[in-house]
Amino acid sequence: MEPVLFYGVPHGCSFGSIVALEWLGQPYRLHRIDMLSKRSDSFATVSPLGQTPAMITKDGKPLTESLAILHSIAARGLDKGLGFAQGTKKFDELNWMLSYLHTTLHSALGYGWNAYKLEEDDHAGKAFLRRLAREKSAEAYGYLQGVLEGREWLVGDAKTVGDAYFIGIARWGEDLGLFDIAREFPGIHKHMARLEADPAVIFAHAIEDETPHTSSGGFRGQLTVQELDTRLAA
Ligand SMILES: N[C@@H](CCC(=O)N[C@@H](CS)C(=O)NCC(=O)O)C(=O)O
């Protein structure tokens, strides 16, 4: 059966997994999770921590963590250049990039999301976390901008799951009102703009925003709650 990706709104890091699935071009389905509401027991059996992205693979097994999901998609898309064979120098580079994006950029911007989740009147807490988010993610964006200098894609000569993951989280700097990316990090902005023109990225935005969408990949529709329960019971 086709895999199911659980994606989170608003603006989850699961965005990159939707883009990667579109680039892969093989059948898949999606299931929407509102991260600001209580999650269902069915979702908890797939993602015990209640986080997105999560996946039910084509073998019916749950898989969580962006990096695990993206590597799994990349392994199915080696012929398309979405990833590289394990043991090669290029695989190590992609693994390095994904790890950097997750443990450094995602983590740094995470302080901003934590500030957003604090009680409205916790002004001191919010200010502290936002300052930390800005300091840490300025370093992270700056380093990444250096990596991008003189190259078109994050790893190798074509788009990979690294670029898919990047576009889902690089947007947070502006979402959180921390930076004017175009002015402060023009190299990051340039890479984001290139990706924003990609049909898979346009599709992923439309999915998040629930606006009309056209898949250029293998999207086979949203999985209903009832269908999810049937799958989990099987
Ligand atoms: N280590 C996890 C982190 C995933 C994560 O932070 N997901 C966020 C959205 S970007 C989430 O589900 N937040 C809701 C929550 O933690 O309750 C991964 O890389 O997949």
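**Salt bridges and the sheet**

Modeller: There are ten salt bridges in the structure. The model is a predicted one.

Colleague: What makes E93 and K89 a salt bridge?

Modeller: The N to O distance between their side chains is 3.2 Å. The cut-off is within 4 Å, so the pair qualifies. Both residues belong to helix 4 (residues 89–117), where they are four residues apart, about one turn of the helix.

Colleague: Why is K89 called exposed?

Modeller: The relative accessible area of K89 is 65%. Exposed means over 50%, so the label applies to K89.

Colleague: Which residue does R171 meet in a salt bridge, and at what distance?

Modeller: R171 meets E208, at 2.9 Å from N to O. R171 sits in the loop between helix 6 (161–170) and helix 7 (172–175), while E208 is in helix 10 (residues 199–209), so this pair ties together parts that are 37 residues apart in sequence.

Colleague: Are R171 and E208 buried or exposed?

Modeller: R171 and E208 are both buried. That label requires a relative accessible area under 20%.

Colleague: How do you know that R183 and D180 form a salt bridge?

Modeller: Their closest N and O atoms are 3.7 Å apart. That is within 4 Å, so the pair counts. Through salt bridges with shared partners, R134, D180, R183 and E184 make up one network.

Colleague: Why is R183 called exposed, and why is D180 called partly exposed?

Modeller: R183 has 61% relative accessibility. The limit for exposed is over 50%, so R183 is exposed. D180 has 34%.

Colleague: What is the strand order of the open sheet?

Modeller: The order is 4-3-1-2-5, in an open sheet of five strands with mixed pairing.

Colleague: Why do strand 4 and strand 5 count as edges?

Modeller: Strand 4 (62–64) and strand 5 (219–222) each have a single partner strand, so one side of each lacks a neighbour in the sheet. From one strand to the next, the twist averages 25 degrees.

Colleague: What makes strand 1 and strand 3 a pair?

Modeller: Three bridges join strand 1 (residues 4–9) to strand 3 (residues 54–56). Pairing takes at least two bridges, so these strands pair. They run antiparallel, and L5 is opposite M55 in strand 3.

Colleague: Which helix packs on the sheet?

Modeller: Helix 10 does, touching strand 1, strand 2 (28–34) and strand 5. The direction of helix 10 makes about 45 degrees with that of strand 2.

How values were computed. Residues numbered from 1 in each chain as written. Predicted model: local features only at pLDDT ≥ 70, side-chain atom pairs only at ≥ 80, totals over all residues. Heavy atoms only, no water. Buried < 20%, exposed > 50% of the residue type's maximum accessible area, 1.4 Å probe, protein only. Axes fitted to C-alpha atoms, helices over the stretch in contact; angles between N-to-C directions. Contact = heavy atoms within 4.5 Å.
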